[in-house]
Structure formats: structure tokens, C-alpha cells
Amino acid sequence: MLSFQIILHGFLLWASMGFLMPIGILVIRMTNRHEQCGRRLKIILYTHATLQILSFLLVTVATIMSIGNFDNSFTNNHQKIGLAIYGAIWLQAATGGFKPDRESKGRSIWFSIHWLLGVTVSLLGIINIYTGLQSYHTRTMKNTSVWNLAFTVEIVVYLFIYLLQEKWPYIKQIRSDLLDETVTTNRSRNIFNR
């Protein structure tokens, strides 16, 4: 029974910290910085908020499971990091709920705090999934190398998408410039071939 609870705890936290939260971050990065309003912006914002709220709820369920069923002596890094993450997640949820209007003077400060907390929670979540797998291995002596590899591949894919999002406008601009240059060159050729 305890083994099932540990597996369920791990799955809930992976679904939260390893899936929903990173997807929510990637979604919010799809906003156009120059876009002031509109249907697309609202859909992206609500999708981000929904994914983060679901992530928050799963973390809460997994934390309640941990408190009720596991030894919480906080003698290992997994438990200590988990406690820090849970506190940071509550703080992040509070900052997300008190977002000032775009025109507000405090918006840039809010954004910086919200972004910094989000990065902190994300990085600690990734670290804690690895420490959780290590704790599971230590406790059960079951091999976790497949799960470590699968999670590493997942993180690499997220990182690639994250970095691609950063450069996507630049890539689109280069492509557009190349297409314009090709069209201009073809028109010039057609004029000279007549």
C-alpha cells in the first residue's frame, strides 16, 4: 500500500511540476509583447492560468498525501526542497491573483516578482523530481534509470521549445526577408528574360 502511495505522490507531482506547469509557461510565452488586447491574448492568459491552477491543485493533493502517509522528518533534500517549493507555489499563486493593470506603475515590479518566482518554482520542481526518483530508488531499491532518462528527454524538449520561442520572431523575419529577396530576384530575372 505504501509503495502505491509513493508512486501516486510521484505521479501527481510529475503531472504538476513536470507537465502542467512547464506547458503553462510555454503557453504564456506565446503572447505577443506588442499585443494589447484581443481574443488571442485572453485565450492564452486563461489557458496559462488554468494550467497553473490545475498544477497548484495537484501539488496540494500530493502534499496532503505526503503529510498524511509519509515520514516527514525533513532529513533528506527531497523533503526540504518539497517544503520550499510548496511555500513558493503559494506565494506565486498569490502574486498571480493580484496582477495589476497593464498601465499600473507597479506592473513591472509585479512582473519581475511573478517571473522570478515562476523560474524558481520550475527549477526547484525539476530538481525535486530527480531527488524524488532518487529517494524512491533508495527506499525501494527499484531501478529508476528509465524514469530519469524519460524525464531528462522531456526537459530537453521543453528547453528546446522555450529557446525556439525566444528566437521565433527572428526566424520568421529572416524567412520573410529571404522570401522577399527571392521574389525580387525572380521578378528581375523575368524582366530581363522578356
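This is a predicted model: local features need pLDDT of at least 70, side-chain atom pairs count only at pLDDT 80 or more; totals for chains, interfaces and linings use all residues.

Colleague: Which label does S66 get, and why?

Modeller: S66 belongs to helix α2, residues 39-69. At 14% relative accessibility it is under the 20% limit, so S66 is buried too. Apart from neighbours within four places in sequence, S66 is in contact with H9 and N72.

Colleague: How do you know whether I64 is buried or exposed?

Modeller: I64 is also placed in helix α2. The exposed label needs over 50%, and I64 has a relative accessible area of 58%, so it is exposed. The C-alpha atoms of I64 and G97 are 23 Å apart, for a separation of 33 residues along the chain.

Colleague: What about R40?

Modeller: R40 is another residue in helix α2. With 43%, R40 falls between the 20% and 50% limits, so it is partly exposed. From R40 to L83 the C-alpha separation is 36 Å, and they are 43 residues apart along the chain.

Colleague: On to the rings. What makes F56 and W90 an aromatic pair, and why is it called edge-to-face?

Modeller: The whole structure has 5 aromatic pairs. In the pair of F56 and W90, the centres are 4.9 Å apart and the planes are at 80°. Pairing asks for centres within 6.5 Å and edge-to-face for over 60 degrees, so both labels hold for F56 and W90.

Colleague: Why say that this pair ties parts of the chain together?

Modeller: Because F56 lies in helix α2 and W90 in helix α3 (residues 77-97), the pair links parts that are 34 residues apart in sequence. F56 is buried at 16%, whereas W90 is partly exposed at 45%.

Colleague: Which residues form an aromatic cluster?

Modeller: F11, W14 and F19 form one aromatic cluster.

Colleague: How many salt bridges turn up, and what makes a pair count as one?

Modeller: The search finds 1 salt bridge. E166 and R29 form a salt bridge, with their closest N and O atoms 3.0 Å apart. The limit is 4 Å between a Lys or Arg side-chain nitrogen and an Asp or Glu carboxyl oxygen, so E166 and R29 qualify. E166 lies in helix α5 and R29 in the loop between α1 (2-28) and α2, so the bridge joins parts that are 137 residues apart in sequence.

Colleague: Why do both partners get a partly exposed label?

Modeller: E166 has 45% relative accessibility and R29 has 22%. The label covers values between 20% and 50%, so E166 is partly exposed and so is R29.

Colleague: How do you know that the charge of R29 sits over a ring?

Modeller: The charged end of R29 is 3.7 Å from the centre of the Y162 ring, and the distance limit is within 6 Å. There's an angle condition as well, within 35 degrees of the ring normal, and the R29 charge is listed as sitting over Y162.

Colleague: Which residues make up the nonpolar surface patch?

Modeller: L149, V153, V157, F160, I161, L164, W168, Y170, I171, I174 and L178, with about 1000 Å² of accessible area together. Patch members need over 30% relative accessible area. I174, in helix α5 (residues 145-193), has 34% and is partly exposed.

Note on methods: Residues are numbered from 1 along each chain as its sequence is written. Side-chain values use heavy atoms; hydrogens and water are left out. Patches are made of residues with over 30% relative accessible area and no salt bridge: like charges are joined within 9 Å, nonpolar side chains (Val, Leu, Ile, Met, Phe, Trp, Tyr) within 5 Å. Accessible areas come from the Shrake-Rupley method with a 1.4 Å probe; for residues, only the protein chains shown count as cover. Helices (H or I, at least four residues) and strands (E, at least two) are DSSP runs, numbered from the N terminus. Buried means under 20% relative accessible area, exposed over 50%, partly exposed in between (1.4 Å probe, protein chains only). Contact means heavy atoms within 4.5 Å. Rings of Phe, Tyr and Trp (its six-membered ring) pair if their centres lie within 6.5 Å; planes under 30 degrees apart count as stacked, over 60 as edge-to-face and the rest as tilted.
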